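Please consult the sequence and the structure shown here.

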Amino acid sequence: MRRSLTVTVALLLSFATRADAHQLDEYVQASKIAVARDLVRVELRLTPGVKVLSRVLAVIDTNGDGILSPVEQRTYAERVRRDLSLAVDGRLLSLRLVTLGFPDMADMKEGLGEIRMDFEAAVPVGGVDRTLTFENQHLRDVAVYLANALVPQDSAIRIGAQRRSYEQASFTFEYSQTDSSRPLARATGASPASEAAGYFGMVRLGMHHIAEGTDHLLFLLVLLLPAPLAAVAGRWGRYAGARQGAARLLRIVTSFTIGHSLTLAAAASGVVRAPSGIVEVLIALSILVSAVHAMRPIFPGREALVAAGFGLVHGCAFATTIAGYGIDPWHTVLTVLGFNVGIELMQVAILVATVPWLLSLARTTAYAPLRVCGAGAGAVAALGWIGERAFGMANPIGPLVDAAASHGPLLIAALAATALLAEWRVRFVPRGSPFVTRR
Amino acid sequence: MNASMRTVCLALICALPVVARAQSPTARIVRNANAFLATLEPAQKQRVLFAFDDDKQRVRWSNLPNRMVQRAGLSMGELTPAQRSAATKLLASALSPRGFEKVQQIVEGDEVLKRNENNNPMFGRDLFFVSILGTPSETAPWMLQFGGHHLALNITIVGAQGVLTPSLTAAQPALYTENGKTVRPLGAESDKAFALLNSLDSAQRAKAILNYRVADLVLGPGQDGKTIQPEGLKATSMNEGQRAMLVDLIAEWSGIVHESAAAARMAEIMSGLNDTWFAWSGSTTHAEGHAGTAYYRIQGPALVIEYAPQPLGGDPTNHIHTIYRDPTNDYGRKLTSK
């Protein structure tokens, strides 16, 4: 075995004396660093010139059999990994090997071997302005280092000033990650513009969260279904009147908002930490309870209180979305505020789009079947989620709900059409007709 | 004017567009490509032609000699004189006269290297390869490749457009004598860069000159489509004279391709000139009539040029690699991707 390496080396040396037409006497180590959202990727390309190949092979081919076994390749990658260091904002990050490619030994021997190693490191959440430092200490005696930052694919990430040691063994650059759905700026060095961008980013994130969070939406809508009605002897009775209906709706929505704002702020600032598994089950349960209440009043007159209580639960879920965003108390407050404003805006938008039709329909006999059907659908969806979240059961309902939610505007249009049709019947069809009538 | 004269004039006027069309650069290249193909034996033809979407052949180029990176296509050495002359005519029609001259000087330089290396069979003008991807056409995209040691021309032709990126020009020796004349294939690339550097004031130099060593091409063979963060002196911080010198330097690469394609490319480069950077690494002096030892890079929104002297061979001023890219349009992908 030893002999084969000796032969190889002798062969290489004899070759090297002839093939002196290109860069052979150095170990070119080119790093390209790609910064993505919360992720850094290091593309390392190692090309040992023929004249330094024996030096490099001695490190890779540890048993000297002239073959680079998979174990030797991985061991070498680990050696290289240890010779690299990557830090963001002074904090060392652990690099993970994601791809490894070795050329044919024949190519290596001719100085063509390009060893490919790609590493990745997760970057902890931080401010807008960051500093990345990359160091390569691998085989310094023969190395030629090249280190560059790739222009980020993500236009929200921008590379700033770059610094390198003379041999490029050490490479530092600044970058900024301003982003529409990301945390607010760290106080140090963050411009008012980026603070504002961060704030509005959180507002958008909040709106997005409600628009996409079918379970939150469903809870709210189901809870509002019986709001315009008066409970009479354990059943939902007559239309309670526009003024009273609107006031009750407002109280319910406000209570829900107060509830989820409290827990959102508490959880985001780390005061309370609710296990998300339980929270998710409780949210599904809240929909079920609201749905039952929409069929038969189980807590008439105390809807606002129940909304506040379930609001606390929903707030815990919102908090998981923005957990870790706050750098300091000031930014935690701004983050929570921005996110919450976004939630409120989306809630109001949905209410404005649905409540007038609900109030209008509530005055007609068409409302009872609509309310029962809506509540029934909510209950079925809630049961699906409860089974899925609490017991790990398959949930055939979930995709249906998501599909329906993705046609939100269509559903609202159908609701509006129903309301208008009912209104027309009330106005123009004489009493006693078998059609919809005023209750 | 009598009737027969009028008829002749009318015929001439009618023929004008046809003549103009026949003489368009792409038409000329296609005609020469078909003429070259017509000289080939069926077996040769099979070897020179590749599918347009053959991505392996597309990237089969390098600064290294053929023995180290095996090229495909037909080598000049295996062609008959008539075939070789047809291939040369095809290449010349795709390039500007100055571009063709540069390419010939690089090829002849390899012949000189061969002589200097005791007739080393790794080198020489016979080891340059021609290949065609797709079918030569005035409308559909196709590609002409010509290269070997220290040379890679990738010319993507799409209708009237001709894209030279990515291409590699290099030289060893960077200076030689032929028929009593001194030849420097990449001499202007060095002289014009030094002229630009020397025109900079101290504040501009402080920005342009990097304080670290760049030992090799960063975006050499195999680095298609990558864009690194630019550095150095931005063209917006140059005066008009310096900007003109920068453009003149860029033209050493962008002007290799035939004139109308080069003009379109230059218009593109000019439109991004304000975002174009000039960076220098290494010695700021050079011996008159010789290349320097410094690396430099010109980078714009659709442009990367790197010039990297190589220490190998003992004299870095006599061994130079350069790369010419458009990271947004390597191999004309901007024109060919649907």
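## Helix packing in chain B

Helix 7 of chain B crosses helix 9 of chain B in a left-handed manner (the near helix is turned anticlockwise from the far one by less than a right angle). The model is predicted, with local features needing pLDDT of at least 70 and side-chain atom pairs pLDDT 80 or more, while totals for chains, interfaces and linings use all residues. Residues are numbered from 1 along each chain as its sequence is written, and chains are lettered from A, and ligands numbered from 1, in the order in which they are written.

Helix 7 (residues 187-199) and helix 9 (residues 240-254) of chain B pack at about 165°, their axes 9 Å apart (lines fitted to C-alpha atoms over the stretch in contact, with angles from 0 to 180 degrees between N-to-C directions). The two helices are therefore roughly antiparallel (an angle over 145 degrees). Helices are DSSP runs of H or I, at least four residues long, and strands are runs of E of at least two, numbered from the N terminus.

## Contact between the chains

Chain B contributes 22 residues to the contact and chain A 23 (C-beta atoms, placed from the backbone, within 7 Å).

## Nonpolar cores

The largest nonpolar core has 126 residues (buried Ala, Val, Leu, Ile, Met, Phe, Trp, Tyr and Cys joined through C-beta atoms within 7 Å; buried means 20 or more other C-beta atoms within 10 Å). Strand 8 (residues 143-149) of chain A gives the most to this core, with six residues. Another core, of 55 residues, lies apart from it and includes A:Trp236.

Methods. A residue is buried if 20 or more other C-beta atoms lie within 10 Å of its own, exposed if 12 or fewer, and partly exposed in between; C-beta atoms are placed from the backbone. Angles under 35 degrees count as roughly parallel, over 145 as roughly antiparallel, 65 to 115 as roughly perpendicular and the rest as oblique. Two residues are in contact if their C-beta atoms, placed from the backbone, lie within 7 Å.
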